[in-house]
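Me: I want to know what stands behind the labels. Please set each value against its definition.

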Amino acid sequence: FFFSSRRRHTRCREVSWARRCVQETAIEAANALKNIYDKLWLIRCCSRKDYENKSFKGNWLQITTAPAPADIHWRNLQIGCLEQFFRKCFTTLVSLVIIAICVSVIIVAKDYENQLQTNYPSHPCPDTSVTMEKAESDYYRGPAKSLGLLTCFCIDQIKRFGFSIATANFPEHKQQLCGDWLATYGASNGMMLGIVLFVAIAKIGISYS
């Protein structure tokens, strides 16, 4: 039974292939004859009546293979030219708005990234744990002399205790330095992630509109 089904399937494929070859050959032959017949103007002139009988509204038809039914969006056949024009205008307008929003967000995110690199320089963290006092002292040395200990301290504390370190006041100047660092870091990276999600959602919305 298995071999019989396999032979039947193979034969069906051969028949389908042969049928497709015959159709393509017939189409090519018809187009070739049409081209030859168009060039032989003397023959057309002498057999004008036969030529007119084989033409459609004064022109010969160009024979091409029809698309597969699965490749046709049947629901779009009911859309008129005016509606197609308005849909193209709407799609273009939405695309321009999305591009403008993405460019604006990228500019703002780049500004936050520059602030992060300027105010919180990143350097390789030391092997020993950084205390809050050392991180604060290193931060107030200035960006040019800073070793990036505040970044190392904040990242280490977030890994250990979560985001509660963002509200912690540093002992000397009573400022929430980790909170400021986390806000700048989150704005810089969160905006870039938001752009990706926004574009993906907008693309899905346009495709289903």
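Me: How much space lies in the largest cavity?

Reply: About 30 Å³. A cavity is a set of points on a 1 Å grid over the protein atoms alone where a 1.4 Å probe fits but cannot get out. The volume is the space filled by probe spheres set on the points, which are joined across faces, edges and corners. This is a predicted model: local features need pLDDT of at least 70, side-chain atom pairs count only at pLDDT 80 or more, and totals for chains, interfaces and linings use all residues. Residues are numbered from 1 along each chain as its sequence is written, and side-chain values use heavy atoms, without hydrogens and water.

Me: What makes Cys 125 and Cys 152 a disulfide?

Reply: Their sulfur atoms are 2.1 Å apart. A disulfide is a pair of cysteine sulfur atoms within 2.5 Å, so the pair qualifies.

Me: Why is the link of Cys 154 and Cys 178 called left-handed?

Reply: The torsion about its S-S bond is about -95°, so the disulfide is left-handed.

Me: Which label does Cys 125 get?

Reply: Cys 125 has 46% relative accessibility, so it counts as partly exposed.

Me: What about Cys 81 and Cys 89?

Reply: Cys 81 has a relative accessible area of 68%, so it is exposed. Cys 89, at 36%, counts as partly exposed.

Definitions and conventions: 1 Å grid on protein atoms, 1.4 Å probe; cavity = no way out; pocket = protein on both sides within 12 Å on 5 of 7 lines; lining within 4 Å. Buried < 20%, exposed > 50% of the residue type's maximum accessible area, 1.4 Å probe, protein only.
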